[in-house]
Amino acid sequence: MISVVVPVYNEERSVALLLDEIRSALDGIGASWEAVFVDDGSTDGTFGALTRLHAETEHVRVVRLRRNFGKAAALAAGFAQAQGGTIVTIDGDLQDDPAEIPRLLAKLDEGFDLVSGWKTRRRDPWTRRLFSRVFNAVVGRITGIRLHDMNCGLKAYRAEVVRGLPLYGELHRFIPVLAHDRGYRVAELPVNHRARAHGRSRYGFERYVRGFLDLLTVSFMGRYRHRPLHLFGGLGLLLGALGIGVLIYLTVVKIGGGAIGQRPLLTLGVLLVVVGLQFFSLGLIGEMITSHHEERGRGREQATLHVDEILS
């Protein structure tokens, strides 16, 4: 089964048209499918429209969130309810073209675990295209995952990629990075992009600011989650070495008969050594916590090897 997860917010006029296009795209490939619409706290008649679609066709499932939690939370809720072995995500504003889904699935069959769409000709204002280009360049530079369009809503996944994937804040922008850090193969495919027909865009400059902060989180968790000493220990050694260098210099000055008791450089040297020790200690504590959780995880895996049968 193919599960199409569609996060929607105030898209009353789009959901029925989108479902018709999804049906046309997937009925042609002869596979069973479902459309999981996630209403992210819409304030218009979106949920009523989805309720009618659910009553009219067996392919539609609807998830309603209590309020507007954001796209990441909506995707997480959709992933949790999806039953297919292959999952496709698509935005509910009709700008993503459902006719591209078979091409994404074909690319997935080439051995990839995640295929991300690339809107080569974006039908968005130039300001948004500019911010997006800068954002993608920065993300590629920091994470090493060089995609032209990291935030394209049209993606195809093997189901195991998204199971247990931590999604909150603006982390939905970095799903390819999170998947790559877990060892999955990521590919990109040019897709058609259409002008917005209904509603208005809810993306602004502030979302890119929040996205940049989440980028720091993703980068840290990807590189140093299992080796925190490499980050904090390195900073600690650097600061400590600078502090020791300053104190050695002041010691030479003191031996030469100079007065150092009132010099701000003395305070700076001591402060650098103390802060360096604190960073190094923080790295050691992080290593202890990480190794403890990894040992517990290995213990649970070994315990399951002895289980013969589970009835539930």
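These legends accompany close-up views of the nonpolar cores and the cavity in a predicted model. Residues are numbered from 1 along each chain as its sequence is written, and side-chain values use heavy atoms, without hydrogens and water. Because the model is predicted, local features need pLDDT of at least 70 and side-chain atom pairs count only at pLDDT 80 or more, while totals for chains, interfaces and linings use all residues.

**View 1. The largest nonpolar core has 32 residues.** Such a core is a set of buried Ala, Val, Leu, Ile, Met, Phe, Trp, Tyr and Cys residues joined through side-chain atoms within 4.5 Å, where buried means under 20% relative accessible area with a 1.4 Å probe and protein chains only. Phe79 and Leu167 touch the most other members. Among the elements that give two or more residues are strand E2 (33–39), helix H3 (71–81) and helix H8 (205–224), and H3 gives the most, with five; helices (H or I, at least four residues) and strands (E, at least two) are DSSP runs numbered from the N terminus.

**View 2. Phe79 and its contacts.** Leaving aside neighbours within four places in sequence, Phe79 is in contact (heavy atoms within 4.5 Å) with Val5, Ile87, Thr89, Tyr157, Val162, Arg163, Leu167 and Ile175.

**View 3. The lining of the largest cavity.** A cavity is a set of points on a 1 Å grid over the protein atoms alone where a 1.4 Å probe fits but cannot get out, and lining residues have an atom within 4 Å of a point. Lys71, Asp91, His172 and Ile175 are among the lining residues, and H3 and strand E6 (155–158) each supply at least two.

Note on methods:
Buried < 20%, exposed > 50% of the residue type's maximum accessible area, 1.4 Å probe, protein only. 1 Å grid on protein atoms, 1.4 Å probe; cavity = no way out; pocket = protein on both sides within 12 Å on 5 of 7 lines; lining within 4 Å.
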